[in-house]
Amino acid sequence: MADISRLIMALVPISRANAISKIISTNQQSQKHGLVLTEKDALQIIDARNEALKTTGRIELGLGVINKIIRMFCRSPYINQVNYADMICELVEAFYCMKNETREQIGDDDLIYIMRDYFDNRCFGSIELLTGRELEKLVDEIRFGRYYGRLDDREEV
Amino acid sequence: MGNFLVRQTGFNPQNIDANDYLLTLLDEALRAGLISESTLQNLQLQIMEVLKDRITKYTSGESSSIPVEAAQNLLLSILFCMDTFCLSFPTPIKCLNELLDRSMREVYQEGLALIKSKVNEAKKIFKEVRSTRIRTSLIAYNSTINEAIPGFFKSYDAAFNAHDTTASIDYPLASDDINARGVVYIQQYLKKMKMENMFCQRFAEKEIDQLLENYGQVYRIFYPEFLINIFEIVLINAIFSVMAGEKATSLTLHKSQVALLRERLNGLEVSEIGSLLRSAIERVIEELGIKDPEMTAYTSHCGENLLPRLINAVQQDALQRLAIPVMESEPEPEILFKLGESMNDEDFRRLVEDLLVCADPTEKAQMILTRIRSLVDFTDILKADCLFGDEYRVLFDLLGDMELSILARIILVDELRDRPDEFSFAKAMSVIQMSDTVWVNQLSGFLQQLSHERQQAIEDLLKTETGMVI
């Protein structure tokens, strides 16, 4: 069998310039909430995403998830310009970690929605609580068949 | 043009792995200069595009990331479909030309279509396997047909897991391609199983059953629970049967025949054993009327696989573990007298009348032995005054040690009861008193003139429980 991992890795590289411009494009929306990402921030987020994918043993097609996370969380009252880039980095890492822990049972959009809901309403801006206590509860809900998905479509991701 | 290229560039089809066809073909084509590095990269990128499509379908568009293992699995599935497409071409060069003319997406789609048609073909073959199945108590054979194969068809996922062969197939074939994967594996498995079934159909079910029983006895196993191949065991005995000058359809080999074969093979060179084996296989195929080329090839192949084992068995003097002989169990002493088989009165009277009119002692004795089955009837006949003089001796002469010991027990009942530990047959006979009953005197006279060995055998039987309940 040929080494297929080399083929798999061909999926991962994304042109950095392209990636940066895509992330920067979210400023259009986040500016309304007083939040802006610089090119340096964008690079930091891309690196965090690549590292998180490596750590969690996942591969991703495109950068869609980062932009979805940014668009969802730029509306959170617990994020401000000072912690914006760092928080997005941590949320991206938390996302892939939760993706693994929930064993692919929750789609990207639903998971991002849940994360935002818990982050704002249960964890009051604490990513530690989100990836600790709340993730554990969510995993239990899935395991014991008590997770019924998003019951409404209040907010588009 | 293809052949020209091969000669010019040193393209070596031997470097292509049939189980990793596409990627090794492309590597070899690059090495031989038939494609450029950029062409290879382009093809690889196209394959990755196909993978992206599959990932999106796999997650139903709900997830943009998946675990690496899942991606690798999807890629293996894609490559398996593409390999199936490639293998549909007669030569690697023709395949390469086709690959360069098409997009990888097309190649994948066509491969997937081929896989799906193979699933349908395999289902058809499975029907034939079921209709030709061997009636046997071999658990692995039955569970493979009843559960494993239907389970495979139920769970096989050509779209995302085409290369997977998850099925609990326990029954081993005589010759299996363990490198094949997915439905390709199942298809070859079923084709071979069908041929094995059809081969075995040429033999009587009872013969096969008996052969397997013998096999179990030779290897001291309860054969239904073991992973053995019926076809191979049948084929081997058919081959040896032919070598022993019997018909191929006769699976029964006696120990004496195996011994003769051993002697015959012992004196041969390895090459001579090989040609003897090949000609025996040919005869088996001919005698069994196997005409189908695939089945002929399979039978020959499996038969020839026997050669190293045959040579080894000859050298190790263990031919009886390869050519399974009939296992004659220790002959059960045939007891003339049986419980509960007394004649009815009318039959008994008729026998007495027949004995009285018959003058030939041997004929009278045969009459008694063929018509009487119980000890009670036997002693009643002895008491019925229908035997005279030497006729008793002729009758007793036809009895075995077991029957004589049973009769002796009747006349020595006191000695056996009083001094069982010190009982000596010779001593007891020497002191036996004359009786008023004719047959008792005749019997003791007969027993006394027996050889020492027979007397000893009867004494041994008298000291055991045998015959006591009769």
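Start where the two chains meet: 20 residues from chain B and 21 residues from chain A form the contact, where two residues count as touching if their C-beta atoms, placed from the backbone, lie within 7 Å. Before clicking further, note that this is a predicted model, so local features need pLDDT of at least 70 and side-chain atom pairs count only at pLDDT 80 or more, while totals for chains, interfaces and linings use all residues. Residues are numbered from 1 along each chain as its sequence is written, and chains are lettered from A and ligands numbered from 1 in the order in which they are written.

**The chain B side of the contact**

Select α2 (21–31), α3 (37–58), β1 (65–67) and α4 (68–86) of chain B; each supplies at least two residues of the side that touches chain A. Helices here are DSSP runs of H or I with at least four residues, strands are runs of E with at least two, and both are numbered from the N terminus. Which element gives the largest share of that side? It is α3(B), with six residues. Colour that side by class and you get 11 nonpolar, six polar and three charged residues. For the classes, Ala, Val, Leu, Ile, Met, Phe, Trp, Tyr, Cys and Pro are nonpolar, Asp, Glu, Lys and Arg are charged, and the others, Gly among them, are polar.

Now pick strand β1 (residues 58–60) of chain A, which pairs with β1(B) in the antiparallel sense over three bridges; pairing takes at least two DSSP bridges between the strands. Show Ile59(A) and you'll find Ile66(B) of β1(B) opposite.

**Each chain on its own**

Chain A has eight helices and one strand, running α-α-α-α-β-α-α-α-α along the sequence. Of its 157 residues, 32% are buried, meaning 20 or more other C-beta atoms lie within 10 Å of a residue's own, with C-beta atoms placed from the backbone.

Take the contacts in chain B between residues at least 6 apart in sequence: 69% of them join residues at least 24 apart.

**Two helix pairs in chain B**

Select α9 (residues 182–200) and α14 (residues 293–304) of chain B, which pack at about 85° with their axes 10 Å apart. Axes are lines fitted to C-alpha atoms, for helices over the stretch in contact, and angles run from 0 to 180 degrees between N-to-C directions. That makes α9(B) roughly perpendicular to α14(B), a label for angles of 65 to 115 degrees. Show Lys192(B), Met195(B), Met198(B) and Phe199(B) on α9(B), then Glu294(B), Met295(B), Tyr298(B) and Thr299(B) on α14(B), to see the contact. It has five nonpolar, one polar and two charged residues.

Next, α13 (residues 270–287) and α15 (residues 307–315) of chain B: their axes come within 10 Å and cross at roughly 125°. Which residues meet there? Val270(B), Ile273(B), Gly274(B) and Leu277(B) in α13(B) meet Leu307(B), Leu310(B), Ile311(B) and Val314(B) in α15(B). This contact has seven nonpolar, one polar and no charged residues.

**Last stop**

Stay on helix α13 of chain B and click Ile281(B). Ile281(B) is buried, with 23 other C-beta atoms within 10 Å. Leaving out residues up to four places away in sequence, Ile281(B) touches Ile239(B), Thr299(B), Ser300(B), Gly303(B) and Glu304(B). Ile281(B) and Thr299(B) are 18 residues apart in sequence and 7.9 Å apart in space, C-alpha to C-alpha.

Note on methods: Parallel < 35°, antiparallel > 145°, perpendicular 65-115°, else oblique. Buried ≥ 20, exposed ≤ 12 C-beta atoms within 10 Å, placed from the backbone.
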